[in-house]
Structures are given as C-alpha cells and as structure tokens.
Amino acid sequence: MPTADGVTSPNTGNLLIGKGYLLFQPSGSASFYCVGNCPSMTITPKTTLLDHFDSQAGTKTKDLTVVTEKSMEVKIQMEEMTANNLSLLLLGDVDLTNPAQPIVNFFTQPSKTGHLKFYAANDVGPRWYVDIPSITFNPSGDWAPISDAFASMEATGTVNAQGGVWGTATLQLPLGTNVPENLVLPFIEGTEKVGNTLTVHAGAWVGASSFTYQWYKGVTAVYGATDQNYTLVSGDSGNTFHVVVTAHNAAGTQTATTANTGTIAA
Amino acid sequence: MTDKREMILTQMLTILQAVPGLAGVYRDVGPLNPTGDQGVANLPAAILLDGDERPRVSTLGTSFGAVPSASVMTLDPEVWIVLMPRINMLNDGVGEELSDFRVKVLKAVLNNESLVAMLGANGEIEYRGCTTDMKQGRTIEGQICLFFGLTYALNYAQL
C-alpha cells in the first residue's frame with residue numbers, strides 16, 4: 001500500500017498535493033503570526049555558474065563549472081487581508097494603538113526580515129516542515145482593494161544564510177500518526193459585557209480531526225459550557241474567562257488555552 | 001477498506017437527519033410528490049442525491065504501475081427540501097419556510113466537525129448555491145435544492 005514516506009521510491013505516495021500553514025516572526029517581534037490562507041508557496045534555489053572551457057585544440061570544451069553565487073527565493077501568495085500581511089507587502093509598520101482598527105504605514109521599512117516556518121498539513125503526499133531562520137521580504141505583487149474575485153497579494157523573500165545555514169526541510173510523519181500539534185493559540189472574540197455572546201476560535205492546528213471546548217470563569221470550569229459560544233449572564237460580571245481547547249485525532253489529544261478575556265462588564 | 005465517498009454521503013445523511021423540522025430524510029429517491037405514494041406525513045422532507053464525483057487534480061501520468069497516486073476528488077451531492085403543500089393557492093409562508101430550511105441545512109453541513117474531519121486536510125466544503133421551484137414554469141409547490149461541492153483526498157490503495 002503506498003504511504004507517504006518521502007524516502008523510498010518508486011512510490012506514488014510520495015506525490016504531493018500541498019497544504020499547510022505559514023508562520024512568520026518579524027525581526028524584533030516576540031512571536032510568530034499565521035500568514036493565513038496561501039494558495040501557493042514556492043521555494044526557488046538559484047546559483048550563478050562560472051564555466052571554464054578548454055581551448056587547447058579544436059572546439060572549445062567545457063571542462064570546469066564553478067558555483068560563484070548561491071541564493072534562494074520564497075514566493076508566497078497571501079489571501080488574507082490582515083494588517084500583518086499588508087505590512088509585509090507594503091513594507092510598513094502596524095500601528096496597534098486601536099487594536100480593532102490597526103493602521104498600516106506604507107514604506108516605513110526598507111524591507112521585512114524575519115523567521116519563516118512552514119507546517120505541512122497535506123494528507124496527499126509527504127509532509128515537509130520547512131524552517132528558514134532568516135528571510136527578507138520585498139513586495140512582488142499588487143494589492144487590489146477592488147476586485148471581482150478573491151484578492152491576493154504576492155510577496156517574495158530572499159533567504160539569508162546565517163553562519164552558512166540557509167534553512168532546513170524535515171520530513172514529518174503522516175497526519176494522524178502523532179497527536180495534533182497547535183501552531184496558533186486559540187482566541188476568544190466578542191464584547192465582554194453581560195448579555196453578549198463570546199466565541200472561541202480553535203486557532204491553527206496540524207492533524208486535528210475534531211475539537212472540544214471548556215469555558216473557565218476565573219480558574220473554575222463552567223459546568224455545561226462546552227460549546228464554541230458562551231453567553232454572558234449577570235453572575236459573570238467582574239470575572240475573566242478563558243477556554244481550554246482540546247484537539248483530537250486517532251493518536252490522542254492535545255490541549256491549548258486561550259488568553260484571558262478582559263473583565264466582564266455588567 | 002475505506003470508501004471515503006460512501007462515508008461522506010452517509011455523514012451527509014446523518015447531518016440531515018438532525019436538521020430540526022424535517023419529518024423525513026431520504027437518499028437517492030425521486031422527487032417526493034406530496035400527493036404520491038410517500039404520503040403527506042413524511043413532509044417536509046430532505047432528499048440527498050449522491051451526485052457526481054470528479055477529480056479536482058488529474059492523476060494522469062502519476063502511476064508507476066496500474067494504480068495511480070492518491071488524488072483530490074470533488075463530490076457534488078444535492079440536498080432537496082420538499083415542503084408540505086399549502087391548502088390553497090396563496091402558498092402562505094412557503095418562501096419563508098424554504099429560506100429557513102436553507103439556513104438550517106447550510107449551518108448543519110458547514111459546521112459539522114465529523115464531515116470536516118472526513119474531508120481531511122486536502123478537503124473543502126463548497127456551497128454552490130440553490131435553486132427553487134418558485135419560478136415561472138416551475139411547480140411552485142415549495143421545493144429548494146442546495147448544491148454542495150465536497151472535496152476530499154481519495155487514496156486508491158485504501159479502497
């Protein structure tokens with residue numbers, strides 16, 4: 001039976017239809033953020049060659065090729081119009097003075113350098129985890145605030161070799177072999193006021209086949225509050241909430257916890 | 001043996017069986033006639049039609065022997081909703097009831113974690129719109145059909 005082992009050939013299990021998550025940590029930032037839906041990502045190694053030809057007799061014959069330059073490009077197509085993604089395209093800083101209405105300042109940086117990770121989530125073909133410790137992005141596409149189809153933005157990064165290290169690609173076990181892996185922590189959305197409904201989002205995971213939820217008021221689990229939504233009642237005012245999200249698959253479970261909400265208003 | 005196509009269609013039927021307000025849920029039966037053999041007691045009803053399966057990604061040229069690589073396929077099942085016919089020509093509340101079932105079915109399908117897990121990491125649920133019989137030249141009895149595209153990875157070796 002063909003299985004994606006990424007090692008043994010011939011094996012149709014090694015043919016890949018890729019899916020996965022891209023995480024980027026700008027230099028100076030404490031954490032990675034998820035780039036979101038990317039319909040394509042390409043990694044292009046390049047070299048510049050210097051050829052030598054033997055011209056001692058007859059037709060010149062190439063007898064030596066030397067690599068004089070090595071470089072690598074990563075091109076990503078981003079579909080999610082987040083402030084972080086716009087800042088990658090527009091080489092700007094994100095002003096989060098008002099977190100609900102961030103401002104992206106155009107061209108405040110000469111380029112965007114950071115750490116890029118790719119977590120493969122495909123179930124067709126081998127899963128390769130890619131780690132690029134240093135990459136510098138420059139815009140190579142457009143931002144189309146008006147379009148008839150889903151807009152996308154392209155950014156091209158040049159990999160920086162640090163101490164001779166460009167990056168790595170590591171083969172992962174097929175999905176479902178290990179317990180789910182959390183890439184982006186779950187988070188809670190909603191207005192923190194009695195009568196409103198809060199919603200927990202699972203975050204980003206690789207290998208999760210289902211999720212369960214438990215809401216906590218302070219440090220106490222709220223009995224029966226196991227849905228994605230929780231409606232705040234009068235007794236909740238003055239408290240904070242968080243949710244423990246449990247991801248399941250055939251191999252087992254893994255949990256991740258949201259940050260606390262602000263204090264619930266009456 | 002894992003026939004994921006059949007698993008997905010069975011799950012769709014399970015999802016429909018949990019939609020509130022339906023008196024009957026059927027698979028692959030002809031359009032329910034409110035005055036026909038099935039009887040009015042089973043209305044409003046949902047009918048799941050299997051639809052077609054097509055490759056989203058061609059596997060042409062990928063096989064080293066007879067068996068091709070795993071591929072990504074799209075199923076396009078249809079969900080028909082047939083309402084209880086009204087007793088007069090005014091069709092009171094038919095449009096609203098069709099809209100209500102459209103939302104219920106959509107929410108049930110799009111939020112079903114078991115279906116999402118079944119479709120897998122290379123999978124996808126697409127809602128492709130709906131059609132109703134509320135148009136000139138159609139029956140105007142109270143029917144709506146929702147079209148879905150369910151994409152999943154088909155591993156031939158697991159059949």
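Colleague: What makes helix H1 (residues 83-90) of chain A mostly covered?

Modeller: Seven of its eight residues are buried, where buried means under 20% relative accessible area with a 1.4 Å probe, protein chains only. They are A:Ala83, A:Asn85, A:Leu86, A:Ser87, A:Leu88, A:Leu89 and A:Leu90. A helix here is a DSSP run (H or I) of at least four residues, and a strand a run (E) of at least two, numbered from the N terminus. This is a predicted model, in which local features need pLDDT of at least 70 and side-chain atom pairs count only at pLDDT 80 or more. Residues are numbered from 1 along each chain, and hydrogens and water are left out.

Colleague: Which residues have the most contacts inside the largest nonpolar core?

Modeller: They are B:Ile8, B:Met12, B:Val79, B:Ile81, B:Val105 and B:Phe148, in a core of 30 residues. It is called a nonpolar core because its members are buried Ala, Val, Leu, Ile, Met, Phe, Trp, Tyr and Cys residues joined through side-chain atoms within 4.5 Å. Apart from it lies another core of 23 residues, including A:Ile76 and A:Val159.

Colleague: How do you know how many residues of chain A are in contact with chain B?

Modeller: Contact means heavy atoms within 4.5 Å; 18 residues of chain A are in contact with 18 residues of chain B.

Note on methods. Chains are lettered from A and ligands numbered from 1 in the order in which they are written. Buried means under 20% relative accessible area, exposed over 50%, partly exposed in between (1.4 Å probe, protein chains only).
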